[in-house]
Amino acid sequence: MSHTAHIPSHRKPRQRASKSALRAGVAGGFLSTIAVAGAAGPAQAEPVTQTIEMPTITDGLSTAVAASAQATQQVALDLETRASEDAAAEKAAKTAKKAHAEAVREAEAKKKAAAAAKAKAKAEAEERAERASRTAERTTLSASSGSSDSGSTASAPSSSSNVSGSAASIVAFAKAQVGDAYVSGGTGPNAWDCSGLVQAAYRTAGIDLPRVSQSQSTAGTQVSLDNLQPGDILYWGGAGSAYHVAIYVGGGEFVGAQNSSTGTVQRSLDYDRPTGAVRVL
C-alpha cells in the first residue's frame, strides 16, 4: 500500500457551533472561578477597602452605665454601713443590759447588807438590855438569898413554894436565862442546851453535875412529881436514858432550854409533863 494511501481519520466529527460555544462558556466560567479564587489567595491578597461599621457607644449610654455602677456601689456602701450600725447597736444594748443587771445586783447586795447590819445592831442592843436586866435580877436575888441565910433557918417555912439557900441560887440563875437561845451543845452564857443549863445552874451552888441529861437523871435521889421542891431536876424519858432535863422553880413551873424554836422558857408542868425527878440538894 502506498504511503500516500488514505488513512482513515480517528477524529471525531466536529460538533456543532452551539455545543462548542456552550463548552467554551463553561470552560470560561470555570477558569474565571479559578482566577477569582486565585486572586483571593494570600500570595496575591490586596488591602481590603471595605469598612464594617460597628455600633458606637454614645455619650448618653456611657453616662448611664457610669451612673448605674455608681448607684450600685452606693447601695453596697449603704448596706455595709447599716450592718455596722446594727452590730454596734446590738453590742451597746448587750453592754447596757449587763451593766443594768450588775447595778441591780449591787443595789440588792447593799440593801441586804444594810438590813443585816441594822438587825445585828438591834439584836446586840436588845441583848445588852436583857443582860443588864438579868444582872440586876441576879443581884436582887443574891441579896435576898444572903438575907435569908443570915437569919434563923428554923423559922423559915418548909413550904416548897419558898426558895432559900442553894436552891435559891439555882432557881435564880435558871430564871435569869429565860429568853436565851437554844443551841445543841450550848453551855452559855447566852445559848444553852437542856443539860448545859442545868449544869451551869447547879454550879452557882458549888455543885458539879454530869454534862449530859442521861447522867443528870440519876445524879440524885428519885422523888415523886407530887413532892417536888425548887431546885429539883426534872427529866423526860427513863432514868439513866433521859432525853431532856429542866429545873423545877416552884409554883408548879419549870425552867428549861426546850428547843431551837422556843429557846429557854419558863412553863407550867402541864405544858410538858416530865417523866420523873431527882433531888440533889
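Which strand does strand 4 (residues 233-236) pair with, and over how many bridges? Strand 4 pairs with strand 8 in the antiparallel sense, over three bridges. Strands count as paired if DSSP finds at least two bridges between them. The legends below begin with an overview.

**View 1. The whole chain is a predicted model with five helices and eight strands.** Local features need pLDDT of at least 70, side-chain atom pairs count only at pLDDT 80 or more, and totals for chains, interfaces and linings use all residues. Residues are numbered from 1 along each chain as its sequence is written, and side-chain values use heavy atoms, with hydrogens and water left out. Helices (H or I, at least four residues) and strands (E, at least two) are DSSP runs, numbered from the N terminus. Along the sequence the pattern reads α-α-α-β-β-α-α-β-β-β-β-β-β. Of the 281 residues, 22% count as buried. Buried means under 20% relative accessible area, with a 1.4 Å probe and protein chains only. Contact means heavy atoms within 4.5 Å. Among contacts between residues at least 6 apart in sequence, 55% join residues at least 24 apart.

View 2. Val223 stands opposite Ala277 of strand 8. Ile233 faces Val278 of strand 8 as its opposite residue. In a regular strand the side chains alternate between the two faces of the sheet.

**View 3. Ser217 sits in the loop between helix 5 (213-216) and strand 3 (221-223).** Ser217 has a relative accessible area of 0%, so Ser217 is buried. A polar atom of the Ser217 side chain lies 2.8 Å from the backbone nitrogen of Gly240. Leaving out residues up to four places away in sequence, Ser217 touches Gln222, Tyr235, Gly238, Ala239, Gly240, Ser241, Ala242 and Val278.

**View 4. Helix 3 (residues 165-176) is mostly covered.** Nine of its twelve residues are buried. Among them are Ile170, Val171 and Phe173. The expected span is 1.5 Å times one less than the number of residues.

**View 5. Phe173 and Trp192 form an edge-to-face pair.** Rings of Phe, Tyr and Trp (its six-membered ring) pair if their centres lie within 6.5 Å; planes under 30 degrees apart count as stacked, over 60 as edge-to-face and the rest as tilted. By this rule there are two aromatic pairs. In the pair of Phe173 and Trp192, the ring centres are 5.9 Å apart and the planes meet at 85°, so the pair is edge-to-face. Phe173 belongs to helix 3 and Trp192 to strand 2 (residues 191-192), so the pair ties together parts 19 residues apart in sequence. Both Phe173 and Trp192 are buried.

**View 6. Helix 4 (residues 194-203) is largely enclosed by the rest of the structure.** Nine of its ten residues are buried. They include Cys194, Leu197 and Tyr202. Ser195 is found in helix 4 too. At 5% relative accessibility, Ser195 counts as buried. Not counting residues up to four places away in sequence, Ser195 touches Arg211, Val212, Ser213, Gln216 and Val245.

Conventions
Buried means under 20% relative accessible area, exposed over 50%, partly exposed in between (1.4 Å probe, protein chains only). A polar contact is a pair of N or O atoms within 3.5 Å; within protein, one must be able to donate a hydrogen and the other to accept it, and residues adjacent in sequence count only if both atoms are side-chain atoms.
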